[in-house]
Amino acid sequence: MQTSTMHNRATSTPTFWINWLTYTAEFTVLFGLLMVLAPGLTQQAFGLLIFQNTEQFAAFDPQATAYIELAHAVMGSVLVGWGALIFMLVRKLNIEDAKQTCNMITISVLLWYVPDTAFSLYSGFWQNAVLNSGFAVLYAVPLLALRKYYR
């Protein structure tokens, strides 16, 4: 007997893709929390990513460093909220609204990815565009795979 929940479907169960999306949303939340709760580690990671130097932020004046910490905390908090929302959408994913739910997640990812990546490239920080692309792929692969489960 088939049920209405996508992850409980008797045939062609897309559990793998739903789990992938769930883990990606959880990873997004954890990444955001890291940005908020571990500013030193975040600065080292972004220093390495952007400047190939984990200590680059230490060379900035204290006001610039404080602002960067604020910007990272704000971005991290937004990631926590965004990832939590995606997590909740994925956990409620069912056959009746699968297309709509996947479209909402896809639009959300695109509305973040396109301007963030475009500005990263425009401003010369291609490394952030690469990081963004990794996140986008983590969402795109299961979203594209789930398309065959709804019409």
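Q: Okay, is Gln 43 buried or exposed?
A: Gln 43 is buried, because its relative accessible area is 10% (buried is under 20%, exposed is over 50%, partly exposed is in between, with a 1.4 Å probe and protein chains only). Keep in mind that this is a predicted model, where local features need pLDDT of at least 70, side-chain atom pairs count only at pLDDT 80 or more, and totals for chains, interfaces and linings use all residues. Residues are numbered from 1 along each chain as its sequence is written, and side-chain values use heavy atoms, with hydrogens and water left out.

Q: Where does Gln 43 sit?
A: Gln 43 is in helix 2 (helices are DSSP runs of H or I with at least four residues, strands are E runs of at least two, and both are numbered from the N terminus).

Q: And what does Gln 43 touch?
A: Leaving out residues up to four places away in sequence, Gln 43 touches Thr 54, Phe 57, Thr 65, Glu 69 and His 72 (contact means heavy atoms within 4.5 Å).

Q: Which side chain makes a polar contact with the side chain of Gln 43?
A: That's Glu 69, at 3.3 Å. A polar contact is a pair of N or O atoms within 3.5 Å; within protein one must be able to donate a hydrogen and the other to accept it, and residues adjacent in sequence count only if both atoms are side-chain atoms.

Q: What about Thr 42, buried or exposed?
A: Thr 42 is in helix 2 too, and it counts as buried because its relative accessibility is 3%. Apart from neighbours within four places in sequence, Thr 42 is in contact with Leu 34, Met 35 and His 72.

Q: Let's zoom out. How many helices and strands does the chain have?
A: The protein chain has 5 helices and 0 strands, so from the N terminus on, the order reads α-α-α-α-α. Along its principal axes, the C-alpha trace spans about 65 × 30 × 20 Å.

Q: How much of the chain counts as buried?
A: Of its 151 residues, 35% count as buried. Looking at contacts between residues at least 6 apart in sequence, 66% join residues at least 24 apart.

Q: How far does helix 3 reach?
A: Helix 3 has 30 residues and goes 43 Å from its first C-alpha to its last, close to the expected 44 Å (the expected span is 1.5 Å times one less than the number of residues). At its start, a side-chain oxygen of Asp 61 comes to within 2.9 Å of the backbone nitrogen of Gln 63.

Q: And helix 4, what do its buried residues pack against?
A: They pack against helix 3 and helix 5. Among the buried ones in helix 4 are Cys 102, Val 109 and Trp 112. Just after helix 4, Gly 124 takes a positive phi of about 90°.

Q: New topic: what lines the largest pocket?
A: There are 26 lining residues, and Phe 46, His 72, Met 75, Asp 116 and Asn 128 lie nearest the centre. On a 1 Å grid over the protein atoms alone, a pocket is an open set of points where a 1.4 Å probe fits, with protein on both sides within 12 Å along at least five of seven lines; lining residues have an atom within 4 Å of a point.

Q: Which helix gives the largest share of that lining?
A: Helix 3, with 9 residues. Helix 1, helix 2, helix 3, helix 4 and helix 5 each supply at least two.
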